[in-house]
Amino acid sequence: MTHGNSSSVLASSRMRYFSQNIGNFMTTNPILYVEENHIGRNFIERDIHGRLYALLQLLEKVSFDADRDRLFCVGDMID
């Protein structure tokens, strides 16, 4: 298994755990700490309000690379 694949498996495992435990997580840890991103960029999105297509267009415009970059959604996802 290559380093890239093991990282993907680890990230997938973390996301699965996070999604299954989001309620407990948010009440006990209001601040999420993440490791520094040494290989890409970090983007922070707030208040999509159901405009996913517009967000995807912006990510395409900045050449967002899902293998290297990270997107943090911190606001309202829907109205």
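Visitor: Where does Gly 75 lie in the chain?
Guide: Gly 75 lies in the segment after strand S2, which spans 70–73. Strands are DSSP runs of E with at least two residues, helices are runs of H or I with at least four, and both are numbered from the N terminus.

Visitor: What kind of model is this, before I go on?
Guide: This is a predicted model, in which local features need pLDDT of at least 70 and side-chain atom pairs count only at pLDDT 80 or more, while totals for chains, interfaces and linings use all residues. Residues are numbered from 1 along each chain as its sequence is written, and side-chain values use heavy atoms, with hydrogens and water left out.

Visitor: Back to Gly 75. Why does it count as partly exposed?
Guide: Gly 75 counts as partly exposed because its relative accessibility is 24%. The scale calls a residue buried under 20% relative accessible area, exposed over 50%, and partly exposed in between, using a 1.4 Å probe and protein chains only.

Visitor: What does Gly 75 touch?
Guide: Leaving aside residues up to four places away in sequence, Gly 75 touches Glu 45, Arg 46 and Asp 47. A contact means heavy atoms within 4.5 Å.

Visitor: How far apart are Gly 75 and Arg 46?
Guide: In sequence, Gly 75 and Arg 46 are 29 residues apart, while in space their C-alpha atoms are 4.2 Å apart.

Visitor: And Arg 46, is that one buried or exposed?
Guide: Arg 46 counts as exposed, because its relative accessibility is 61%. The side chain of Arg 46 also meets that of Asp 47 in a salt bridge, at 3.1 Å from N to O. The term means a side-chain nitrogen of Lys or Arg within 4 Å of a carboxyl oxygen of Asp or Glu.

Visitor: Why can side chains pair like that?
Guide: Side chains of opposite charge can pair when their charged atoms come close.

Visitor: How many salt bridges does the count come to?
Guide: By this rule, the count comes to two. Besides the pair of Asp 47 and Arg 46, there is a salt bridge between Asp 69 and Arg 41, with the closest N and O atoms 2.8 Å apart. The pair of Asp 69 and Arg 41 links distant parts of the chain, 28 residues apart. Asp 69 sits in the loop between H3 and S2, and Arg 41 in the loop between helix H2 (22–28) and S1.

Visitor: What about the backbone at Asp 47?
Guide: Asp 47 has a positive phi of about 55 degrees although it is not a glycine. Asp 47 lies in the loop between S1 and H3, and its relative accessible area of 29% makes it partly exposed. His 49 lies in the loop between S1 and H3 as well. His 49 has a positive phi too, of about 50 degrees, and is not a glycine. At 32% relative accessibility, His 49 counts as partly exposed.

Visitor: New topic. What lines the second largest pocket?
Guide: The lining of the second largest pocket has 13 residues, and Ile 44, Glu 45, Ala 54, Leu 55 and Leu 58 lie nearest its centre. Strand S1 (42–45) and helix H3 (52–61) each supply at least two lining residues, and the largest share, four residues, comes from H3.

Visitor: What counts as a pocket?
Guide: On a 1 Å grid over the protein atoms alone, a pocket is an open set of points where a 1.4 Å probe fits, with protein on both sides within 12 Å along at least five of seven lines; lining residues have an atom within 4 Å of a point.

Visitor: Tell me about Ile 44. Where is it, and what does it touch?
Guide: Ile 44 lies in strand S1 and is exposed, with a relative accessible area of 69%. Not counting residues up to four places away in sequence, Ile 44 touches Phe 72 and Val 74. Ile 44 and Val 74 are 30 residues apart in sequence and 7.2 Å apart in space, C-alpha to C-alpha.

Visitor: Last one. What is the overall layout of the chain?
Guide: The chain has three helices and two strands, and along the sequence they follow the pattern α-α-β-α-β. Of its 79 residues, 10% count as buried. Among contacts between residues at least 6 apart in sequence, 73% join residues at least 24 apart.
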